[in-house]
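The following note is intended for a colleague who is meeting this structure for the first time.

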Amino acid sequence: MVEQMALQIEDLVKRYPTGTQALKGVDLAISPGQFFGLLGPNGAGKSTLIHCTTGLAAPTSGAIRVFGHDAVSHYEQARLAVGLAPQDLNLDWFLTVEETLDYHGGYFGMPRRERRERARELLEAFSLVEKKDDRTRTLSGGMKRRLILARALMHRPRLLILDEPTAGVDVELRLELWHYVQRINAEGTTILLTTHYLEEAEQLCDAIAFINGGEIVAQGTSGELAERYGVASLEDAYLELVGRKELSRAHLVAEEAV
Ligand code: ADP
């Protein structure tokens, strides 16, 4: 039997009404349990790919299946299988922490009792129990990020999409968030991560795809990508991808030595 993919994208094309072709025939397959990184410069098509997967944008052509559910023709089942932790802190500032989780569960059709139990479990896991009755606007940055993660997991999605989860956060919070997402993955949730931090991808991801100009241009482990570009690190491979190899730290160190 063929293994069912957590996310299977085939020949995905997205052309916006403006004429921009943001995705030009993307193929991508993420296995259950993988921690998958999608890396690419601004404008590469990462958000468009996420939006097509979560129903926020309609594909022009091609197919997307989440655990076998077609993201267009079986939108509801596909959407239920996905949790999205967006980059922006899009919390409702007037809700409490617990209400935030409860409303999200309600939106995904969870019965009241199950919502209450799941919320309690997540408040515990994300160290938010003491804050459960606080309004979200009063939380620290770290707590807001943790709540966004907890909310994304509320309906027990099998695929979690993390869109630049650590953009602009300090070192301590970044390490703390890594710890949480590694645990989520170890507990069986498949993860698709976009990030601009190559160190983050290197540390967390067991497979990485480079996207550029709406196309997947390379794929593999961090080591395989470096090998593919004939360089020593993921960062250097990325610099080759974006055509800026003169910025390589290895290069700079060599120049300084002259
Ligand atoms: P990334 O997330 O990698 O930065 P995006 O998916 O946001 O890339 O953008 C890919 C391309 O599609 C860019 O050229 C961007 O300007 C364009 N684009 C993104 N969203 C829209 C939109 N709603 N309408 C028109 N063009 C868009």
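Predicted model: local features only at pLDDT ≥ 70, side-chain atom pairs only at ≥ 80, totals over all residues.

1. The open sheet consists of six strands in the order E6-E7-E8-E3-E9-E10, and their pairing is mixed. Two strands are said to pair if DSSP finds at least two bridges between them. Strand E6 (82–85) and strand E10 (215–220) are the edge strands, each pairing on one side only. From one strand to the next, the twist averages 20 degrees. Axes here are lines fitted to C-alpha atoms, for helices over the stretch in contact, and angles run from 0 to 180 degrees between N-to-C directions.

2. Residues are numbered from 1 along each chain as its sequence is written, and side-chain values use heavy atoms, with hydrogens and water left out.

3. Within the sheet, strand E3 (residues 35–39) and E9 run parallel and are joined by four bridges.

4. Helix H5 (residues 141–153) lies across E6 and strand E7 (159–163), and runs at about 165 degrees to E6. Helix H6 (residues 171–186) packs on the sheet and touches E3, E7 and strand E8 (190–194). The direction of H6 makes about 145 degrees with that of E8. Contact means heavy atoms within 4.5 Å.

5. How many aromatic pairs does the model contain? The count comes to four, where rings of Phe, Tyr and Trp (its six-membered ring) pair if their centres lie within 6.5 Å, with planes under 30 degrees apart counted as stacked, over 60 as edge-to-face and the rest as tilted. One of them is the tilted pair of Phe210 and Tyr229, at 6.0 Å centre to centre with 50 degrees between the planes. This pair links distant parts of the chain, 19 residues apart: Phe210 is in strand E9 (residues 207–212), and Tyr229 is in the loop between helix H8 (222–228) and helix H9 (234–241).

6. Are these two residues buried or exposed? Phe210 is buried, at a relative accessible area of 0%, whereas Tyr229 is partly exposed at 22%. The terms are defined by relative accessible area: buried is under 20%, exposed is over 50%, and partly exposed lies in between (1.4 Å probe, protein chains only).

7. Phe210 also pairs with Tyr238: the ring centres are 5.9 Å apart and the planes stand at 80 degrees, so this pair is edge-to-face. Because Phe210 belongs to strand E9 and Tyr238 to helix H9, the pair ties together parts that are 28 residues apart in sequence. Tyr238 counts as buried, with 14% relative accessibility. Through ring pairs, Phe210, Tyr229 and Tyr238 form a cluster.

8. Charged groups are also placed over rings, which requires NZ of Lys or CZ of Arg within 6 Å of the ring centre and within 35 degrees of the ring normal. The charged end of Arg228 sits over the ring of Tyr229, 5.6 Å from its centre. Arg174 lies over the face of Tyr197, at 3.9 Å from the ring centre.

9. Ser248 is placed in the loop between H9 and helix H10 (249–257). This serine is buried, with a relative accessible area of 8%. Leaving aside residues up to four places away in sequence, Ser248 touches Asp236 and Leu239.

10. Two backbone positions deserve a check. Most residues other than glycine have a negative phi. Phe67 has a positive phi of about 45 degrees; this residue lies in the loop between strand E4 (61–66) and strand E5 (69–70), and counts as buried at 6% relative accessibility. Arg156 has a positive phi near 55 degrees. Arg156 is found in the loop between H5 and E7 and is partly exposed, with a relative accessible area of 44%.

11. As to the whole, the protein has ten helices and ten strands. Helices (H or I, at least four residues) and strands (E, at least two) are DSSP runs, numbered from the N terminus. Buried residues make up 48% of the 258 residues. Among contacts between residues at least 6 apart in sequence, 67% join residues at least 24 apart. The C-alpha trace spans about 65 × 45 × 40 Å along its principal axes.
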